[in-house]
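The sequence and the model come next, and my entries follow them.

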Amino acid sequence: MKLYNSMSPNGMRVDIFIAEKGIEIETVNVGIMDGETQGEAFRKINSLGEVPVLELADGTIITESIAICRYLEAKHPAPALFGITEKEQALVEMWNRRIELKLFQVIGAIGLHTFELFRERITQVPEYAETQRNLFPERLGWLDKELSDDRAFIAGENFSVADITGMAMLGLCRFVQYEIPEELTRVKRWEAAIKARPSWPQMPG
Ligand SMILES: N[C@@H](CCC(=O)N[C@@H](CS)C(=O)NCC(=O)O)C(=O)O
């Protein structure tokens, strides 16, 4: 089994997942900054030119960070990061999607649509970045209210992949130099707990 990866928000989701599982996987670094992900050689591995990619011993290629995490969860069930009971599994899925679609993608769009690095890779619309910059604090306020039952983690009392997507979202905050406001006390409490985990130093910056 071989992981093609790079210091990046989605790449870190898999790195943190691996660290939380306490497993080791041979990793090949593929550069994003120098355009290696976009090169012909890497596109033979992932036609979308994106990391992370997991290559299995039989040559099967698995892309998409969550698909890779699901494969690793099935191979190494403990500690469970996708929930155990039906209810837990549904809540983890729900929260992972909520964090990815409502927060991670919003903060990610700011960098994608303004940073020089992506100028040649996507059609940048800086006005769109501005709408997402305005939307993000609103979404964080929503999350703060959602955490008002003071549960320990995003999807309940157990750490899960939804928290890992949240960690990647915090990594993006650092990338675009956005500080979570102090008044969002529940998000701040969660942020402090997450940053105290041994898997956190895996984050860029
Ligand atoms: N949905 C994919 C997204 C993967 C993705 O966007 N990867 C970015 C890094 S976060 C990438 O490899 N970009 C390569 C490039 O811009 O050349 C996943 O979750 O794995």
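Before counting anything, I noted that helices (H or I, at least four residues) and strands (E, at least two) are DSSP runs, numbered from the N terminus. By that reading, I found seven helices and four strands in the protein, and from the N terminus on the elements run β-α-β-α-β-β-α-α-α-α-α. The radius of gyration, taken over C-alpha atoms, is 17 Å, close to the 17 Å that the globule rule (2.2 Å times the number of residues to the power 0.38) gives for 205 residues, so the protein is as compact as a globular protein of that length. I also noted that the C-alpha trace spans about 50 × 45 × 25 Å along its principal axes.

I wrote down that this is a predicted model, in which local features need pLDDT of at least 70 and side-chain atom pairs count only at pLDDT 80 or more, while totals for chains, interfaces and linings use all residues. Residues are numbered from 1 along each chain as its sequence is written, and side-chain values use heavy atoms, with hydrogens and water left out.

Next I turned to the backbone. Most residues other than glycine have a negative phi, and most peptide bonds are trans. I found a cis peptide bond joining valine 51 and proline 52, with omega about 0°, and proline 52 lies in the loop between α2 (40-43) and β3 (53-55). The bond from alanine 78 to proline 79 is cis as well, with omega near -10°, and proline 79 belongs to the loop between α3 (65-75) and α4 (86-112). Glutamate 64, in the loop between β4 (61-63) and α3, has a positive phi near 80°.
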